[in-house]
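Please consider the following chain with its charged side chains in mind. The account below begins with individual ion pairs and then turns to a network, a surface patch and the confidence of the model.

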Amino acid sequence: MTSRSLYSKLMREDLKSRLWAIALIGLGCFFVFPVPAAFMAGAVKEYQDTAEGLRIYTRDLTQWLSFENGGTAFGMMVASLICGFSGFSYLNSRSKVDFYHSIPVRREKLYLVKLVNGILILAVPYVISVVAAVIIGIGNGVDGGKLWPVALAGCGLHLTYFILMYVVVILAALLTGNLVVGILGSLVLTFYLPLAISVVRAYYGSFFETHVYHESGISEKLLQASPVIQYVIRINEYNDEKPVLMAALGALAAAAVLAVIGCVLYRKRPSEAAGRAMAFPKTCSVIRILLTMLSALGFALFFWGVRESTGWCVFGVICGGVICHCVIEIIYHFDFKKLFSHKGQLVGCVLASLAVMLVFRYDLTGYDRYLPSAGDVKDAAVYMDALSGWISYGRTEQKKDGTYQWRWRSAEDLMENQDQWTTTAQAQDVENLLAIAAEGIAQTEKRKREQSEPQQVVYEAAGDDGDFVVEDTKAVYADDPASPLEWNQYVTVCYTLNSGRKVMRRYYMTLNPVRSQVEQLYSSECYQNATFPVLNRTADRVANIRYRENETEVAISDLNESQKKEFLETYQQEFRTMTLQKMEEEYPVGLIRFTLPEDEAAIRWVQSVPDEEKDYRYYRMDSEFVRRDYYPVYPSFVKTIALLKENGAEVGSYRLDVQVSSVSVCTPLENGDLDVFGITDPQQMEELLQQSVDEGLSYYSPMSRLEATYLELTYSEENALTRTYDTQARFLKGKLPTQIKEQLDERLHNHTQR
């Protein structure tokens, strides 16, 4: 009984000494929650439609009280500093430390009082304010059954991460003996690991050309060792409706462990540490070395980004290391004379940082040259950006509030995390993939050598009149590369070794030297199944079939299960027959999509949302749900086209409903200008339209070869204002109409004469 009474008395006395913190946090909670709840309610009357105003008020208040409110998160970060340092500020004064430690109370109990009071100072006014805001909302017509769960969940989650950050601040206060140093220490404990990971990532990205950043790497997991970063990640996950309960419980467990560590530190903390920079001398060297090396490597990276010079990198290492080391020594000793009191550590940090920098700069580990032997590869996956960059690997998801979102997924994360992305079913596939990777390594090394060689800049004097001088008439007009395989593109390879370890590399390369291997790999069933999700789709999951040409779309929804199966399997069979060579010779006539039930529900929802609502929160929803997951229909897809026509789609007729009023022929020049002339004769315009193709479809046909000359169309729609056509019309390579060729030659001749 006496112990309980003493504990209560200690809590009351501690709270009395921290009244300023209680008042500050209580006032802040009042103006952050009840006041905005009442203020937003006043806007309901401003709407002519009261129901619409109430709906918007409900939405805004729910977001404000939920866990996704970033403003509340920032407030929790500030509150953790206030509660942490206000409770243990006496540790910075020797007289106060002597007083507290002279009280006949065990240190563990005194620590517990300070710890619990710090939590209560924030938790009590915060919970009361949230409850008051909910009551205000209900009083203004908000459905309490929907508001209470969101508000209470947000309250619990925000408090969880407040406690985690609060305990870290307490650790910083216990490790230091000065308030300013303690604040700096809390920043170090919170942000050192994220900064170190960011620097390491930047080194990989700056010096290793084949490095692939992906969200599922180990660095993403290490980032969560920072309470603030973990807090932000959980908020984003909550906003995306991912489960965060287990992560929050893990955060509470981590806070408990850190609290126990803090108790141990408090027991061992010497009373004479008050007023010193660091309470435990053994931690000085560790922190000094870690910060000095991070600063040295960070400065080197900065100078590399500015100049890309090894000499400046060395200067950055020395400059960053010396500056950081000296600043830390000043903070430790509060004396400028102690700048170089640990010369040995400074030299060691600089040399170690130089070694790390040089390893990355010259790739001494052979990172960019890594190529496993075929026998060491269990299976592998490849993603060729230029050939499959048009494919969408996301999916439609419904949120708890009934809205929909598009869950985007990168090919790199899918390759590493999901076993179904495997493009090497046979030994020959592995050999082909390794041949592509070997060519990527060769091109990477060649590019590195060229970049390291000194570049000679040659300046040519311009003509007296400043006009473009034509020496070769064929060189005036720009031209596209002969084949997309000659373009520089990213090729990402993920090896799964026999040990189970995954190794990923990305090459910036042209595929023309390994065209035969690319063609063989592209035609393999395993590659197609992994790369094109539509080939794995089953008819029982197909809700609708949509066919699109330009802005005209036909939805085929009145099919039974057997008809859907026939449609899907027909397209899958014909799509598998497409080779790179056939894609060079053909051009799509339209796009087809086999939508899932959730896709159709999302499309209906998007169509029901008012335009002003889209602008407010659901930006570009049409692009997310309506325009994704389409696949090309080529002229050789005879059976698919026949099925489309049977079901009301006018294949190849996307221009029939377009009344073109004028046509401009645009040809890029090599000097960056654009040569433009108009076609006004109706018959000529009709002939050009018949010979042209829709440029937008080239995105879905990566091997298509188009002429540089294109058409800019102006047309008028029925019951609509005249506007410029937003998709250019192009011509297939080698099929530029004769009339355009003749006019271009004539214009070129006239230009040359001038």
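Arg 18 forms a salt bridge with Asp 14, with 2.9 Å between the closest N and O atoms; a salt bridge is a side-chain nitrogen of Lys or Arg within 4 Å of a carboxyl oxygen of Asp or Glu. Both Arg 18 and Asp 14 are buried, where buried means under 20% relative accessible area, exposed over 50% and partly exposed in between (1.4 Å probe, protein chains only). The model is a predicted one, in which local features need pLDDT of at least 70 and side-chain atom pairs count only at pLDDT 80 or more, while totals for chains, interfaces and linings use all residues. Residues are numbered from 1 along each chain as its sequence is written, and side-chain values use heavy atoms, with hydrogens and water left out.

The structure holds 25 salt bridges. One of them joins Arg 267 to Glu 108, the closest N and O atoms being 3.0 Å apart. This pair links distant parts of the chain, 159 residues apart: Arg 267 lies in helix α12 (residues 245–268) and Glu 108 in helix α7 (residues 107–139). Helices (H or I, at least four residues) and strands (E, at least two) are DSSP runs, numbered from the N terminus. Arg 267 counts as exposed because its relative accessibility is 54%, whereas Glu 108, at 21%, counts as partly exposed.

Within helix α11 (residues 227–239), Arg 234 and Glu 237 are three residues apart and therefore separated by about one helical turn. Their side chains meet in a salt bridge of 2.9 Å, N to O, and both residues are buried.

A network of salt bridges links Asp 240, Arg 395, Glu 397 and Arg 407. Glu 397 belongs to strand β2 (residues 395–398) and counts as buried because its relative accessibility is 19%. Its side chain makes polar contacts with the side chains of Arg 395 (2.9 Å) and Arg 407 (3.0 Å). A polar contact is a pair of N or O atoms within 3.5 Å; within protein, one must be able to donate a hydrogen and the other to accept it, and residues adjacent in sequence count only if both atoms are side-chain atoms.

Confidence remains to be considered. The mean pLDDT of the chain is 85, and 89% of its residues reach 70 or more; pLDDT is the predictor's confidence in each residue, from 0 to 100. Over residues 457–475, pLDDT stays under 50. Where pLDDT is low, the predicted coordinates should not be read in detail.

Terms used
Contact means heavy atoms within 4.5 Å.
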